[in-house]
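Please follow this short walk through the structure shown below.

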Amino acid sequence: MIEQKDVIAFFDERAGDWDAGMVRSDEKIGRILDNAKVTAGSRVLDVACGTGVLIGDYLRRGVASVTAVDISPEMIRIAREKFPQENVRFVCGDAESAPLGENFDAIVVYNAFPHFPDPERLVARLAARLASGGRLTVAHGSSRAAIDAHHRGAASHVSNGLMDSGALAAIFARHLRVTDVISTDEMYQVVGEKE
């Protein structure tokens, strides 16, 4: 069982070096955000935003606003320093219980889903925060096998592993209309839309 205090300590400890160790593919992120329908004027909730890894991508797409939530105070501190824009708001807390504000057009959980202890509870909470026609996206810029291998090391006590995309799609289907399920050697993404 993942303990919240362990997750906070794990990511606080790594926050200072997070950006230096970041491996990203602009092409994959572009596909993920296209599937999530992150477009000009969107109100975006970035769940487990870390140091703001995707905030610049959202802003370049001309979104109306970004609410970025993370449980790690150090991750939030760094992200806040990088993105002082008025249309970016930061919430330090648990995405399952923190006050998040308005409903959102796009909610993105990027490279973070295995660190949440109860996938059903998280999906239900986030689905309830979507505006009509809004999309919830769980995505990783690597395959399920690569994510699980990565988490077997130092992160094993703060990760449940990445669930099979079909199992996650089944959870999504209880709350949203599933629009995309991608699980390849290149990336992983499940997207659901609120009707």
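Two strands pair if DSSP finds at least two bridges between them. Helices (H or I, at least four residues) and strands (E, at least two) are DSSP runs, numbered from the N terminus. This is a predicted model, in which local features need pLDDT of at least 70 and side-chain atom pairs count only at pLDDT 80 or more, while totals for chains, interfaces and linings use all residues. Residues are numbered from 1 along each chain as its sequence is written, and side-chain values use heavy atoms, with hydrogens and water left out.

Start at strand S4 (residues 104-110). Strand S1 (residues 43-47) pairs with S4 in the parallel sense, over 4 bridges. Within this pairing, Val44 has Ala106 in S4 as its bridge partner. S4 also runs parallel to strand S5 (residues 130-140), to which 6 bridges join it. Here Val108 stands opposite Thr137 in S5. Between S4 and S5 the chain passes through helix H5 (residues 119-127), and this β-α-β crossover is right-handed (with the strands pointing away from the viewer, the path from the first strand over the helix to the second runs clockwise).

How enclosed is S4 by the rest of the structure? Of its 7 residues, 6 are buried, so S4 is largely enclosed. Buried means under 20% relative accessible area, exposed over 50%, and partly exposed in between (1.4 Å probe, protein chains only).

Now turn to the charged side chains. Side chains of opposite charge can pair when their charged atoms come close. A salt bridge is a side-chain nitrogen of Lys or Arg within 4 Å of a carboxyl oxygen of Asp or Glu. The structure holds 20 salt bridges.

One of them joins Asp19 and Lys82, with the closest N and O atoms 2.8 Å apart. Asp19 lies in the loop between helix H1 (4-14) and helix H2 (26-35), and Lys82 in helix H4 (residues 73-82), so the pair ties together parts that are 63 residues apart in sequence. Asp19 is partly exposed, at 35% relative accessible area, and Lys82 is partly exposed at 33%.

Asp34 and Arg61 form another salt bridge, at 2.9 Å between the closest N and O atoms. Asp34 belongs to helix H2 and Arg61 to the loop between helix H3 (55-60) and strand S2 (65-70), so this pair links parts 27 residues apart in sequence.

Arg77 and Glu74 also meet in a salt bridge (2.9 Å, N to O). Both lie in helix H4, 3 residues apart, about one turn of the helix. Elsewhere, salt bridges that share partners join Arg135, Arg177, Asp180, Glu193 and Glu195 into one network.
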